[in-house]
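Colleague: I have this one open and would like to go through it with you. Can we start with the strands?

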Amino acid sequence: MERVVIVTGANSGIGLALCERLLTEDSQLRLCLACRNMQRAEAARATLLTSHTSAHVDLLHLDVGSVQSVLSAAQEVKTRYKRIDFLYLNAGIMPNPQVNVRAFFKGLFSRNVINMFVTAEGLLTQQDCINSDGLQEVFATNLFGHFLMIRELEPLLCQAGHMSRLVWTSSSNACRSVFSIEDMQHRNGKEPYSSSKYASDMLSVALNRHMNSQGLFSTVTCPGVVMTNLTYGILPSFFWTFIMPIMWLIRTFTNTFTLKPYNGAEALHWLFFQNPESLDPRAKYHSLTSGFGRNYTQPRQMDIDDEMSDVLYEKLLELEKVVRRKLNEQNANNKAQ
Ligand SMILES: NC(=O)C1=CN([C@@H]2O[C@H](COP(=O)(O)OP(=O)(O)OC[C@H]3O[C@@H](n4cnc5c(N)ncnc54)[C@H](OP(=O)(O)O)[C@@H]3O)[C@@H](O)[C@H]2O)C=CC1
Ligand SMILES: CC(C)CCC[C@@H](C)[C@H]1CC[C@H]2C3=C(CC[C@]12C)[C@@]1(C)CCC(=O)[C@@H](C)[C@@H]1CC3
């Protein structure tokens, strides 16, 4: 039976590179690109079909930052497929990023310099906003929409005698000290991206505890620093081109400067071939590229508290109830009018 693989945010960057790599390995896949912009999704599909002419590539309209869109998309998935083998939770945003140039130059001459280039800890802030569901946009896109999608697709992900997989594109920018369980949406902070990525790491740990017995396994990855639309939103592409020789040099010290989307997708691709029971649920699987350009995957332990990850899971379930209630009320009001 052909395997069904859904990738969110598949129309560009790491998501698109993953699709390309998966089709190269298995042309029998049923690959579904879940994207918010159908024009960009069509273009990505056309690119994939140019190199894989007989591939099965479906499109799904999904704005993962909108509750209504997630519910409609999940409904559509249930009519199309009987089972999901892999759900790659890759879509992500970092809106209005600001680089703290002072902290950067201070870090450059500190003992922490390598860590600064790997994690960007303390270097980046973002301006978040509230979306039409009343949720913080970064939290809604990077975490909650994906959570809701998983909940909706449980019947297709948890099937007797079969193992299904969730794979998160997290980040080494995920930081425990930035996340607060009392403010899981990060309404009061300036690092919503880092907070949302740490939350996805915790959610993955909690999902494994709650869902492994039903055949659902979750894994977290970090693609490294990759030149994509996300990084071009931090600094313009000409700047990155200008500092490229320095980035190649940094690669010889850290291996986390994977730079190309193909390299950044390494861990996502590697996980596709692993037995989920042999993976460490508390590890983040990093895509790495050596100074000589060799790609490989390496697990690194995450700094996660089991108790806090369970509290987060419960809080997400509570929020799910609230947003569903709100949506039902809205729909009832619309009908009454
Ligand atoms: N680049 C890097 O250095 C790193 C990236 N990551 C993570 O990798 C993932 C992929 O990002 P990357 O490839 O770099 O950047 P891109 O911006 O190229 O890719 C992000 C993808 O997510 C999609 N997306 C964004 N918001 C939504 C939404 N609301 N609904 C559906 N799709 C959405 C984008 O669609 P659209 O084209 O319509 O905007 C795009 O396809 C992200 O989760 C990011 O946080 C992690 C660490 C480092
Ligand atoms: C002269 C300039 C002020 C130089 C600034 C360099 C920074 C913009 C980069 C240094 C480390 C980079 C980095 C990321 C973005 C760009 C830097 C801050 C990420 C945060 C991109 C997205 C991620 O998820 C992380 C894994 C990256 C970590 C390193």
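Modeller: One term before that: two strands count as paired if DSSP finds at least two bridges between them. Also keep in mind that this is a predicted model.

Colleague: Fine. How many bridges join S9 to S10, and do they run parallel or antiparallel?

Modeller: There are 7 bridges between strand S9 (residues 283-289) and S10, and the two run antiparallel. Ala 283 stands opposite Gln 301 in S10, and Thr 289 has Asn 295 in S10 as its bridge partner.

Colleague: What lies between S9 and S10?

Modeller: A turn: S9 and S10 form a hairpin with 5 residues between them. Gly 293 in that turn has a positive phi of about 85°.

Colleague: And which strand pairs with S9 in the parallel sense?

Modeller: Strand S8 (residues 216-222), over 3 bridges. Val 220 has Lys 284 in S9 as its bridge partner.

Colleague: How many of the residues of S9 are buried?

Modeller: 6 of the 7, so S9 is largely enclosed by the rest of the structure.

Colleague: Zoom out, then. What is the order of the strands in the sheet?

Modeller: It is an open sheet of 8 strands, ordered S3-S2-S1-S4-S7-S8-S9-S10, with mixed pairing. S3 and strand S10 (295-301) are at the edges; each has a single partner strand, so one side of each has no neighbour in the sheet. From one strand to the next the twist averages 25°.

Colleague: What about S4 and S7, parallel or antiparallel?

Modeller: Parallel: strand S4 (residues 86-89) is joined to strand S7 (residues 164-169) by 4 bridges. Leu 89 stands opposite Trp 168 in S7.

Colleague: Why does His 56 count as partly exposed?

Modeller: Because His 56 has 15 C-beta neighbours inside 10 Å, and a residue is buried at 20 or more and exposed at 12 or fewer.

Colleague: What does His 56 touch?

Modeller: Leaving out residues up to four places away in sequence, His 56 touches Leu 29, Arg 30 and Leu 31.

Colleague: Now the ligands. Which residues are closest to ligand 1?

Modeller: Gly 9, Gly 13, Ala 91, Gly 92 and Thr 228 are the closest of the 30 residues that surround ligand 1. The elements giving two or more residues to that shell are helix H1 (13-25) and helix H9 (229-232).

Colleague: How does the shell around ligand 1 divide into nonpolar, polar and charged?

Modeller: It has 11 nonpolar, 16 polar and 3 charged residues.

Colleague: And ligand 2, which residues come nearest?

Modeller: Phe 104, Ala 120, Ser 171, Ser 172 and Asn 173, out of 15 residues around ligand 2. Helix H4 (101-108) and helix H5 (113-119) are the elements that give two or more residues to this shell. The shell around ligand 2 has 10 nonpolar residues, 5 polar and no charged.

Colleague: Which residues does the UniProt annotation "transmembrane region" cover?

Modeller: Residues 230-250, according to the UniProt record, which is an unreviewed entry. In the model, the chain over residues 230-250 is 76% helix and 0% strand, and its end C-alpha atoms are 20 Å apart.

Colleague: Last topic, backbone angles. What is the phi of Asn 96?

Modeller: Positive, about 45°, although Asn 96 is not a glycine. Most residues other than glycine have a negative phi. Asn 96 is in the loop between S4 and strand S5 (97-99). With 11 C-beta neighbours inside 10 Å, Asn 96 counts as exposed.

Colleague: And His 186, buried or exposed?

Modeller: Buried, because His 186 has 24 C-beta neighbours inside 10 Å. His 186 also has a positive phi, about 65°, and is not a glycine. His 186 is in the loop between S7 and helix H8 (192-211).

Terms used:
Residues are numbered from 1 along each chain as its sequence is written. Chains are lettered from A and ligands numbered from 1 in the order in which they are written. This is a predicted model: local features need pLDDT of at least 70, side-chain atom pairs count only at pLDDT 80 or more; totals for chains, interfaces and linings use all residues. A residue is near a molecule or strand if its C-beta atom, placed from the backbone, lies within 6 Å of it. Ala, Val, Leu, Ile, Met, Phe, Trp, Tyr, Cys and Pro count as nonpolar, Asp, Glu, Lys and Arg as charged, and the others, Gly among them, as polar. UniProt positions are given in the numbering used here, feature names are shortened, and annotations may be inferred rather than shown by experiment. Two residues are in contact if their C-beta atoms, placed from the backbone, lie within 7 Å. Axes are lines fitted to C-alpha atoms, for helices over the stretch in contact, and angles run from 0 to 180 degrees between N-to-C directions.
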